[in-house]
Amino acid sequence: MSLKEIQDRFAKAENDAGRSAGSAQLIAVSKVQPNERVHAVLKQGHRVFGENRVQEAAGKWPAFKEEFSDISVHLIGPLQTNKARQAMELFDAIHTVDRAKLAKTIARLAQELGRCPELFVQVNTGEEEQKAGVSPQEADGFIEECRSLDLPVQGLMCIPPADEEPSLHFALLAKIAARNGLSALSMGMSGDFERAIALGATHVRVGSAIFGDRAYEL
Ligand SMILES: *Cc1c(COP(=O)(O)O)cnc(C)c1O
């Protein structure tokens with residue numbers, strides 16, 4: 001697959017859903033990919049990327065940002081509080097706000113730095129033990145808590161269980177967002193992004209379909 005093919009499928013999915021072109025943003029997930037592949041996608045004009053790890057992103061993106069302007073990098077993997085400062089300096093958006101301690105740390109750092117990335121609350125829609133995110137039951141309360149800290153929460157993010165129909169999880173995420181007055185939905189990956197767009201995704205995280213298989217999984 002190539003960037004162009006994914007962009008075409010994206011546009012078709014938006015159109016099929018009766019949505020305007022560009023209403024869903026394609027985040028090219030570059031984690032673990034060789035720099036040449038990332039460079040090739042930058043050369044084709046794409047500027048929005050996703051990374052799982054602060055350390056990996058810190059080693060990769062400063063150089064690309066010198067070569068290309070207007071790059072935006074989103075953190076889509078779990079964030080430890082002791083890496084929050086570095087993450088806030090490096091990323092334009094953090095999709096994985098999932099606990100009070102992290103929310104409070106981000107709020108304190110936002111005061112100190114005078115800026116804050118766009119934030120998404122991660123919801124563990126499948127209530128899987130091994131996955132991060134607040135449970136669907138806790139979501140309203142946690143969003144409220146983030147708001148009371150003045151955090152710029154734009155929306156919600158989920159990673160559906162691998163063995164379940166993702167549409168059910170996308171619909172649940174959309175429902176929780178709607179009842180909390182949130183407009184952004186970070187959902188959909190290589191295997192299911194068309195279904196995510198049909199259900200209202202505004203930020204879609206596609207890795208292997210653009211870059212090819214990863215050498216190893218995180
Ligand atoms: C790796 C990853 C993706 C991209 O997965 P693909 O199946 O390669 O598209 C999306 N979201 C998150 C949170 C990821 O960790």
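Predicted model: local features only at pLDDT ≥ 70, side-chain atom pairs only at ≥ 80, totals over all residues.
Student: How many residues surround the ligand?

Tutor: The closest are Lys31, Ser190, Gly207, Ser208 and Arg214. By class, the shell holds 6 nonpolar, 4 polar and 3 charged residues. The number of residues around the ligand is 13.

Student: How far from an oxygen atom of the ligand is a polar side-chain atom of lysine 31?

Tutor: A polar contact requires a pair of N or O atoms within 3.5 Å. For the polar side-chain atom of lysine 31, the distance to a ligand oxygen is 2.7 Å.

Student: What percentage of the area that the ligand exposes alone does the protein bury?

Tutor: Taken alone, the ligand exposes 390 Å². Of that area, the protein buries 90%.

Student: What is the volume of the largest pocket?

Tutor: The ligand takes up the space of the largest pocket. Its lining comprises 34 residues, with Lys31, Asn52, Lys131, Ile159 and Met189 nearest the centre of the pocket. That lining divides into 13 nonpolar, 11 polar and 10 charged residues. The volume of the largest pocket is about 950 Å³.

Student: Which residues do ring pairs link into a cluster?

Tutor: Two rings pair if their centres lie within 6.5 Å. The structure holds 3 aromatic pairs. The residues that ring pairs link into a cluster are Phe49, Trp61 and Phe64.

How values were computed: Residues numbered from 1 in each chain as written. Heavy atoms only, no water. Near = heavy atom within 4 Å. Polar contact = N/O pair within 3.5 Å; in protein donor to acceptor, adjacent residues only side chain to side chain. Areas by Shrake-Rupley, 256 points an atom, 1.4 Å probe, with all protein chains shown as cover. 1 Å grid on protein atoms, 1.4 Å probe; cavity = no way out; pocket = protein on both sides within 12 Å on 5 of 7 lines; lining within 4 Å. Sits in = over half its atoms within 2 Å of the grid points. Nonpolar A, V, L, I, M, F, W, Y, C, P; charged D, E, K, R; others polar. Points joined across faces, edges and corners; volume = space filled by probe spheres on them. Phe/Tyr/Trp six-rings, centres within 6.5 Å; stacked < 30°, edge-to-face > 60°.
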